[in-house]
Amino acid sequence: MQLYNTLSAEEREALIEAAGKDRLTISFYKYAHIGNPSLFRDYLFIHWNAMDVLGRIYVAREGINAQLSVPAEDFGIFKEHLDNISFLENVRLNVAIEQDNKSFLKLKIKVRHKIVADGLEDGSFDVTDKGIHVGAEQFNALMEDPDAIVVDMRNHYESEIGHFENAITPDVDTFRDSLDIIEAQLSDAKEEKKLVMYCTGGIRCEKASAYYRHKGFKQVYQLEGGIIEYTRQVREKQLENKFRGKNFVFDQRRAERISDDVISNCHQCGSPCDTHINCANEGCHLLFIQCEACAAKMNFCCSQECLEVVALPVEEQKKLRKGKVKSNLIFKKGRSEVLKYKKAATSNPTPQAVGEGLE
């Protein structure tokens with residue numbers, strides 16, 4: 001039985017355009033004990049492929065992490081399907097703030113060691129012993145609490161274009177990097193301070209809160225549903241929005257605008273900008289921020305070298321890439337010597353720094 005994609009992204013894009021039907025971009029996660037992740041993966045692929053579900057989904061023994069799109073008219077059918085899976089019944093579904101019918105162009109369901117790469121080999125902590133979940137209103141109140149430390153659990157390229165007011169934004173490349181850094185730098189706050197965390201949709205905070213409770217933090221809170229759910233509640237309940245800029249997302253859209261603030265800069269000229277692109281040179285593919293003027297000047301490339309490469313015939317470009325390790329294993333997202341105006345995030349959080357305007 002066919003359990004993989006046969007259509008290219010371009011072919012899928014053409015089919016979506018021809019169908020002329022709206023799609024919903026959705027994300028969800030659930031920590032649970034899955035005995036046979038490979039079997040569960042195949043089960044999902046068979047059913048979701050039949051429902052025209054597209055997306056990127058990770059399955060592991062510890063649960064599922066899903067980011068996907070589904071035809072809007074079939075959302076009810078998809079929800080009923082999830083509810084018929086015991087541990088996914090009534091699972092929280094984060095619906096994207098900004099919709100794009102082409103947010104995903106393939107269905108990829110992969111079995112992984114973990115649904116969030118945390119680098120932890122300590123199996124003694126219980127991932128279900130998590131922190132206190134709070135909604136948008138309580139989260140806003142905690143941000144005003146002098147005894148609360150608000151920490152962004154995302155990576156530097158995510159927080160660079162958007163984050164909560166006065167939040168600590170560690171200058172890290174991966175989630176696994178942030179865990180030990182935050183514990184070490186906030187070790188003196190374990191007893192008396194409130195550790196308040198947030199991320200995109202909640203999954204990283206879910207694990208981090210359990211980890212920090214295991215490490216001795218007494219008061220651990222997490223923003224339920226992450227920035228996505230926070231934004232929905234703020235708009236629905238007409239609350240004050242304390243998030244500035246864009247929320248980075250891991251699909252074709254790359255970001256959702258949460259406020260009109262532009263808090264980052266073009267990595268090439270330094271002008272205000274918060275638009276991420278990938279370098280047009282497929283042998284590079286570096287993720288960076290580029291304004292419209294630089295995009296026109298550099299033909300969506302990150303450097304003069306890449307600009308010269310994309311000017312070559314396609315076959316010549318393929319020859320240059322042949323036999324080389326993929327550049328995204330070499331370059332770190334948003335980091336390269338060619339990016340002259342990359343703004344560093346706050347990498348040294350301390351309890352005293354909270355409330356001092358760490359932008």
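Which residues of the largest nonpolar core touch the most other members? In this predicted model, they are Val151, Met153, Leu179, Met197 and Tyr212.

## The largest core

This core holds 28 residues. H7 gives the most, with six residues.

A second core is separate and has 24 residues. Among its members are Phe28, Met51, Phe78 and Ile109.

## The parallel sheet

Four strands make up an open sheet. Their order is S6-S10-S9-S7, and the pairing is parallel. Strand S6 (132-134) and strand S7 (148-152) are the edge strands, so each pairs on one side only. From one strand to the next, the twist averages 30 degrees. In general, strands of a sheet pair through backbone hydrogen bonds.

Strand S9 (residues 194-198) pairs with strand S10 (residues 219-223) over four bridges, in the parallel sense. Helix H7 (residues 203-214) lies across S6, S9 and S10. H7 runs at about 160 degrees to S9.

## Met197

Met197 has Gln222 as its bridge partner in S10. What does Met197 contact, leaving aside its neighbours within four places in sequence? The list includes Val220, Tyr221, Gln222 and Leu223. Cys205, Ala208, Ser209 and Tyr212 are also in contact with Met197. Phe139, Val151 and Met153 complete the set. Val151, Met153 and Tyr212 are, like Met197, among the core residues that touch the most other members.

## Helices H4 and H8

Helix H4 (residues 136-143) and helix H8 (residues 226-237) have axes that come within 9 Å. The axes cross at roughly 100 degrees. H4 is therefore roughly perpendicular to H8, a term that covers angles of 65 to 115 degrees.

From H4, the contact uses Ala136, Phe139 and Asn140. From H8, the contact uses Tyr230, Gln233 and Val234. Four of the contact residues are nonpolar, two are polar and none is charged.

## Leu120

Leu120 sits in the loop between strand S5 (107-111) and S6. Is Leu120 buried or exposed? Its relative accessible area is 11%, so Leu120 counts as buried, the cut-off being under 20%.

Leaving aside neighbours within four places in sequence, Leu120 is in contact with Lys114, Phe125, Leu179 and Tyr211. Of these, Leu179 is one of the core residues that touch the most other members. Leu120 and Leu186 are 66 residues apart in sequence. In space they are 19 Å apart, C-alpha to C-alpha.

Notes: Residues numbered from 1 in each chain as written. Predicted model: local features only at pLDDT ≥ 70, side-chain atom pairs only at ≥ 80, totals over all residues. Heavy atoms only, no water. Pairing = 2+ DSSP bridges. Helix = DSSP H or I, 4+ residues; strand = E, 2+ residues; numbered from the N terminus. Axes fitted to C-alpha atoms, helices over the stretch in contact; angles between N-to-C directions. Contact = heavy atoms within 4.5 Å. Core = buried A, V, L, I, M, F, W, Y, C linked by side-chain atoms within 4.5 Å. Buried < 20%, exposed > 50% of the residue type's maximum accessible area, 1.4 Å probe, protein only. Parallel < 35°, antiparallel > 145°, perpendicular 65-115°, else oblique. Nonpolar A, V, L, I, M, F, W, Y, C, P; charged D, E, K, R; others polar.
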